[in-house]
Amino acid sequence: MGRTNLTYRDALRVMESRWDDYRRALRHTDQEVFDRLFEYARAHADASGLQNHQFVEVPALVSMLLEQQKQIDDLEDRLDHVEDDLNDRG
């Protein structure tokens, strides 16, 4: 018996392909960033698949935001360490 519903990963691939024209219109450097956003979404495909949301875009965007927030948190931690080092020297 075949499946009647797409897996989340399949739905994400379909979503990404719908954005192909948009991606091609971006500057090359922006295309790389755009691709990275979909890498973030794929990185959380297991959790997103459990969400079983009606619209694939919602868990994809949450996954992208999650990864970006992790990067912001990491950068803030690194900045705090640099500031601490500078304050210790002064």
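Mentor: Let us begin with Thr 29, which lies in helix α3; helices (H or I, at least four residues) and strands (E, at least two) are DSSP runs, numbered from the N terminus. This is a predicted model, in which local features need pLDDT of at least 70 and side-chain atom pairs count only at pLDDT 80 or more, while totals for chains, interfaces and linings use all residues. Residues are numbered from 1 along each chain as its sequence is written, and side-chain values use heavy atoms, with hydrogens and water left out.

Trainee: Is Thr 29 buried or exposed?

Mentor: Buried means under 20% relative accessible area, exposed over 50%, and partly exposed in between (1.4 Å probe, protein chains only). Thr 29 has a relative accessible area of 52%, and is therefore exposed.

Trainee: Which residue other than glycine has a positive phi?

Mentor: Asn 52 does, with phi near 50 degrees. Asn 52 belongs to the loop between α4 (45-51) and α5. Asn 52 counts as exposed because its relative accessibility is 67%.

Trainee: Where is Pro 59 placed, and why does Pro 59 count as buried?

Mentor: Pro 59 is in helix α5. Pro 59 counts as buried because its relative accessibility is 7%. Contact means heavy atoms within 4.5 Å. Leaving aside neighbours within four places in sequence, Pro 59 is in contact with Tyr 8, Ser 48 and His 53. For Pro 59 and Ser 48, which are 11 residues apart along the chain, the C-alpha separation is 5.4 Å.

Trainee: Which residues make up the largest nonpolar core?

Mentor: A nonpolar core is a set of buried Ala, Val, Leu, Ile, Met, Phe, Trp, Tyr and Cys residues joined through side-chain atoms within 4.5 Å. Here the largest has 12 residues, among them Tyr 8, Leu 12, Phe 34, Phe 38, Ala 45 and Met 64. At least two residues of this core come from each of α1 (8-18), α3 (28-43) and α5 (57-89). With neighbours within four places in sequence left aside, Ala 45 is in contact with Tyr 8 and Arg 9.

Trainee: How many helices and strands does the chain have, and what is its radius of gyration?

Mentor: The chain has 5 helices and 0 strands, running α-α-α-α-α from the N terminus on. The radius of gyration is taken over C-alpha atoms, and the globule rule is 2.2 Å times the number of residues to the power 0.38. The chain has 18 Å, whereas a compact globule of 90 residues would have a value near 12 Å. Along its principal axes, the C-alpha trace spans about 70 × 35 × 15 Å. Of the 90 residues in the chain, 21% are buried.
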